[in-house]
Amino acid sequence: MPVHDTQAAGAVIIGSAEAPSMAQERAWAVAGLHCAACAGQLRERLMAVPGVQAAEVGYGAALAVVRAPAALQDELPQRLRGIGYRLAPMEAASAAELRRQESRQLLWRLFVAGFCMMQVMMLAAPTYFAEGAAMPEDLRRLLHWGGWVLSWPVMLFSSQPFLVGAWRSLRQRRLGMDVPVALGALVTFGVSTLALFDPAGPWGAEIYFDSLTMFISFLLAARWFELRARHAAAAELSELVADQQAPVQREAADGRVEAVALSAVRAGDVLRVGLGEVVPVDALLLEGETQVDEALLSGESHPLRRVSGETLVGGSLNLGRPVRVRALMGAGEGRAAQLAQQLQHALTARPQAESLADRWAQPFLAGVLLLALLAAVGWAWWVSPQQAVAVACAVLIVTCPCAFALAQPAARVASHRTLARQGLLLQRLEALENLARVDRVWLDKTGTLTRPQLRPRELQSGALQWLGRAVVLASWSRHPMAQAVARCAAGEPGWRWQDVEEQAGVGLRARDGQGRWWRLGRDAQGGSGELVFGLEGEPASLVFEADEQVQPFVPGMLAELRELGMRVGLLSGDQAARVQRLAGDLGLAAGVDALGACSPEAKRERVRQDQAEGHRVLMVGDGVNDAPVLAQADASLAVTGASSLANRAADVLLLRGDLSQLPLLIRQARRTQAITRQNLVWALLYNGVAIPMALAGWLPPWAAGLGMALSSLLVVGNSLRL
């Protein structure tokens with residue numbers, strides 16, 4: 001069945017899209033972001049475009065959200081391509097293709113650099129180990145010429161990201177990490193080339209092609225690991241936009257049913273929502289009744305009964321029967337869409353605190369360039385003009401921030417692998433820094449600490465037998481309520497039901513060995529959370545009451561978190577009474593560390609208050625209603641079975657059902673931060689020893705390159721301890 005769409009694919013519209021001249025807000029996937037500073041530069045360039053009213057760029061998710069007229073939005077990709085950034089609509093196919101191209105190109109650059117590095121080092125090795133007549137001069141020069149030829153692909157192809165990034169930074173009068181890398185590569189290659197052509201000239205006879213290819217390869221490897229992590233987050237966000245293009249069933253005026261994209265739904269459209277499907281937009285139930293699960297939106301743990309004339313909230317799950325509804329608003333105006341838009345803004349909001357490396361980068365880079373310049377001038381003026389360039393080159397190489405740049409990525413990647421083995425998937429590696437500083441943990445209740453449960457009421461003589469048979473019947477269905485019954489007890493051994501039927505909105509019915517019909521389903525006279533089991537047409541043999549069960553790992557997990565110095569609280573959209581009852585069972589202060597009946601905005605505001613007081617907040621949740629607060633928190637974790645929206649907002653995904661791994665996550669983050677600091681201290685100590693030696697002329701460029709490589713290897717090796 002064809003899917004009809006009335007909007008440009010991939011455009012997430014916030015506001016009216018009827019008039020092309022009106023401002024629209026669109027989300028774009030971005031390629032070409034190499035560091036957090038690049039995100040700031042891109043934002044400035046977007047804001048400089050006439051007609052752009054607002055722009056935010058998120059580095060972690062490679063996402064840009066721009067508010068501008070529709071005609072200008074369509075021109076943005078072409079305008080930005082000329083300055084090194086590529087934009088694609090946040091539609092899954094377009095964004096995925098953009099990421100694939102970016103990843104493939106960087107991988108090719110890394111392959112070329114690594115391959116050439118190995119060949120150049122192989123050619124350079126005899127010149128290091130041979131002495132005197134053991135290495136004839138003509139053979140030495142031949143090996144150097146081979147290194148020069150193999151260095152050209154590295155300079156022309158592999159080094160391009162650093163050269164382009166440095167040029168972009170200098171044009172904007174900024175100092176980025178690419179500036180000393182590019183300058184060091186150009187000076188090293190230039191001086192080595194001059195020395196190769198004129199060994200007796202003023203530039204000396206030293207050749208540094210092996211050092212050049214080595215540090216370019218190391219830096220590309222670090223960039224590749226970081227790119228993979230960012231692409232994982234960006235892919236999840238692209239799927240969020242793809243959800244807005246998911247087909248829904250709409251009735252035409254003549255009664256025909258057609259599949260249309262969700263983005264094409266308008267107020268007044270009549271839609272059909274099947275059993276187990278998500279209600280696409282806020283809508284009016286036209287006939288009959290059904291049950292809906294709003295837990296992912298509101299935190300309410302019990303299914304709710306809705307009858308004709310009542311409103312079904314967009315994003316809720318239809319658990320009763322297939323229904324016809326009338327849309328009350330367009331696809332981009334419903335509750336779920338608003339939460340998605342809040343998520344996008346949270347992901348592109350600029351962080352309150354810069355990373356450790358970013359805080360040190362600007363003064364460090366400025367000092368490196370100034371020091372190299374002073375070294376060249378000092379040697380040229382007072383010591384030996386012939387050695388001035390060699391000394392300056394050695395200073396640039398020895399201070400090239402390879403180890404400095406690897407300090408955080410290497411530790412983060414090592415921790416990523418360790419946590420993945422424990423069922424914790426890091427979507428944004430930079431979240432480890434915030435996790436290490438967390439002192440406040442807010443936990444959602446429904447689906448996070450508890451799971452739905454049904455318990456039989458008033459068990460009397462023979463009731464255990466009925467319970468066992470009800471469990472056997474419930475095992476035939478995948479409905480959440482039926483599964484809750486199946487968890488109540490073990491089924492009666494050997495019992496068999498015949499002619500099992502499942503009726504939407506009614507429940508299960510089946511015949512026993514005597515041909516009598518039994519039913520398990522909602523009691524028309526009972527509450528929304530009650531199920532009954534018994535013979536059809538007779539009083540119920542069993543009544544199941546809705547309840548919740550605290551997951552067994554919770555007490556131990558809370559104790560470990562307190563040992564780590566965490567203050568733990570509940571932040572739930574469920575009824576306040578149920579939240580306070582659970583808080584009492586867990587030893588939490590009611591009204592202070594346990595808040596119920598919280599809307600998504602209230603949750604986010606509570607986290608904002610903690611942050612304003614100087615706390616670092618970790619949020620753990622699973623619902624659509626948790627997505628904005630997950631994005632607002634300094635660090636966030638989505639548990640197994642979380643909504644897709646919560647998954648995309650979270651920094652960490654729990655792939656297994658045991659949240660007891662949460663203390664492990666915090667401990668690992670703290671270890672990662674400690675290892676990162678060790679790496680940074682080592683990089684600074686290395687520079688503190690090597691720079692004076694280079695300034696004094698005691699460290700030739702080849703030794704500086706070797707020291708730089710060994711420094712980088714030490715950083716990587718230290719990170720592997722994680």
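Start with the contacts, meaning heavy atoms within 4.5 Å. Among contacts in the protein chain between residues at least 6 apart in sequence, 68% join residues at least 24 apart.

A word on where this comes from. This is a predicted model, where local features need pLDDT of at least 70, side-chain atom pairs count only at pLDDT 80 or more, and totals for chains, interfaces and linings use all residues. Residues are numbered from 1 along each chain as its sequence is written, and side-chain values use heavy atoms, with hydrogens and water left out.

Now the overall count. The protein chain has 22 helices and 27 strands. These are DSSP runs numbered from the N terminus: helices are H or I with at least four residues, strands are E with at least two. Of the 722 residues in the chain, 53% are buried. Buried means under 20% relative accessible area, exposed over 50%, and partly exposed in between, with a 1.4 Å probe and protein chains only.

Next, the sheet. Which order do its strands take? This open sheet of seven strands runs 15-27-26-25-16-23-24, with mixed pairing. Two strands pair if DSSP finds at least two bridges between them. Strand 15 (424-426) and strand 24 (594-595) are at the edges with a single partner strand each, so one side of each has no neighbour in the sheet. Strand 26 (635-638) and strand 27 (652-654) pair in the parallel sense over two bridges. There, Leu637 stands opposite Val652.

Helices cover this sheet. Helix 18 (600-612) packs on it, touching strands 16, 23, 24 and 25. Helix 21 (662-695) lies across strands 15, 16, 25, 26 and 27.

Back to Leu637. Beyond its neighbours within four places in sequence, its contacts include Leu424, Leu618, Val652 and Leu659. Leu637 is also among the residues that touch the most other members of the largest nonpolar core, which has 37 residues. Such a core is a set of buried Ala, Val, Leu, Ile, Met, Phe, Trp, Tyr and Cys residues joined through side-chain atoms within 4.5 Å. Apart from it lies another core, of 24 residues, including Val181 and Leu212.

Last stop, helix 2 (70-81). Ala70, Leu72, Gln73, Leu76 and Leu80 are buried here. Why do the buried residues line one face of helix 2? Seen down the axis, they fall within an arc of 140 degrees, so they line one face. That arc uses the directions from the helix axis to the C-beta atoms. On the other side, Asp74, Gln78 and Arg81 are exposed.

Technical notes
Axes are lines fitted to C-alpha atoms, for helices over the stretch in contact, and angles run from 0 to 180 degrees between N-to-C directions.
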